[in-house]
Amino acid sequence: MFASKHIARGAGAALAAVVALSLTGSPAALAQTPSPVQGPASVADLAEKLADAVVNISTSQTVKAQRSIPLPQVPEGSPFQEFFEEFFNRQQQGEGGEDGDGQPRRVQSLGSGFVIDGKEGIIITNNHVIEGADEITANFNDGTKLKAELIGKDEKTDLAVLKVTPEKELTSVSFGDSDKIRVGDWVMAIGNPFGLGGTVTVGIVSARNRDINSGPYDNFIQTDASINRGNSGGPLFDMNGNVIGINTAIISPSGGSIGIGFAIPAKTATSVIAQLREFGETRRGWLGVRIQEVTDEIAESLGMDKAIGALVAGVTEDGPAAKAEILPGDVIVEFDGKEVPSMRDLPRMVADTEIGKAVDVTVLRKGERVKLQVTLGRLEEAEASEGEGTETPAKPAPEAVSEVLGMKLATLDDALRQKFQIDAGVEGVAVTEVTAGSAAEEKRVQAGDTIKEVAQEPVKTPQDVIAQIEKLKKDGRKSALLLLANPTGELRFVPVRIEDQ
């Protein structure tokens, strides 16, 4: 409401100014009046030029049908229980005739794609378009249908590379520079929404670097160009006819376009596609750290001027980071000579780096900048290791020594390990109880957590924890950064507000 009134008021003021200028008869002044913003007069020539490079992807797969009618709920021991179970089991085994459940069925789906190499017959689409397919067919604008072979796919970026064998060279398109696209630039999508092939829609870039929590490398281009089911895998063009994105997702409560669509940027896609074409798989760099966001609270507790970088919450044993002596509590602020703006930027930077390359990594460690050199491993070959706890004789649990920030603390011993199922490899100060409504509860600290560090200083006793917090209070800190381990040893950093004791 406020926005519409404001615009109307502005429009009225502009109109009044034009009328006033007309009355004064000043052509020069009128010529300086800004013209209203308009979209492209027509995209007909551009659409006609690009249409033949866009294909409809149809897939089919054999699936076992599942009964959608649930087993009726009857009282345990009821005489009807055995009857219903026997009846529905027969149905699941296909004893209900040809249409009974359990019979294999052919399921078809539709999507979009585009040709990037007309000589080799290389087509790009989304992984979710062809996932699980037994057969893939590329349907071209001129009516040609070609069987497609899957060359490689990547679930993390939702990309897939297909290959067809054409009788003649296919019309193809090229990738543009998605880094140069700006919010407000016009873009055009061509695809196969709801099976309506060759559909052209136009809109603008609404936003960049969107994280929609679909994968570890999210940095989508958001657009209001209409994208619907079936557009997945199709190209998003700039006004020069270059592919600057691959349409892959929408936000919609109804399943139809409401003007919020997302495309994988060309910069992200090109490196993945090159690897899939060459190797049939991705080969990403691997650092071997578990990271979390540097919030304003964490930055303040570490004495940082602003919240940047990625906080190292854990280091994989014998991984590249461990060998380079990167430690939990370090904040990675530079990687391979480039600043790390936030946690979500680091995974992409590492993944795009050549395996085996020695890179410089700058970390903030207790207020000091430390430069380390890391030789990257390969993400796909990395294996997560899980520690196993050992049973130990039980001993009487000691009383909590003290309470601080709403936490009751005790020296970690065998009895507490058994009580909270804390792994043998976890060391520190045990949290035995958390006061309701306290600063610690606000940050979801729980009984059974173990405090390993306070303000990046190791602690072994409750007195150590209290001493560190008192020191932080004297230094004027508003929060204490705790390094916590859950019972299985998984680490996380938590900034807990320092209350008046």
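A cavity is a set of points, on a 1 Å grid over the protein atoms alone, where a 1.4 Å probe fits but cannot get out. The model is predicted, with pLDDT of at least 70 needed for local features and 80 or more for side-chain atom pairs, while totals for chains, interfaces and linings use all residues. Residues are numbered from 1 along each chain as its sequence is written, and side-chain values use heavy atoms, without hydrogens and water.

View 1. One cavity of 30 Å³ or more is counted. The largest cavity holds about 50 Å³, a volume being the space filled by probe spheres set on the points. Its lining (residues with an atom within 4 Å of a point) includes Leu-302, Met-304, Val-331 and Gln-456. By class, the lining has four nonpolar, two polar and two charged residues, with Gly counted as polar.

**View 2. A six-strand barrel.** Strands (DSSP runs of E, at least two residues, numbered from the N terminus) close into an antiparallel barrel in the order S8-S9-S10-S13-S12-S11. Strands pair if DSSP finds at least two bridges between them; S8 (residues 186-191) and S9 (residues 199-210) are joined by six. Trp-186 has Ile-204 in S9 as its bridge partner.

**View 3. The loop between S8 and S9.** Phe-194 is found in this loop. Phe-194 is not a glycine, yet has a positive phi of about 50°.

**View 4. The loop between S25 and S26.** Ala-455 is found between strand S25 (450-454) and strand S26 (457-458). The phi of Ala-455 is positive, near 55°.

Key. Helix = DSSP H or I, 4+ residues; strand = E, 2+ residues; numbered from the N terminus. 1 Å grid on protein atoms, 1.4 Å probe; cavity = no way out; pocket = protein on both sides within 12 Å on 5 of 7 lines; lining within 4 Å.
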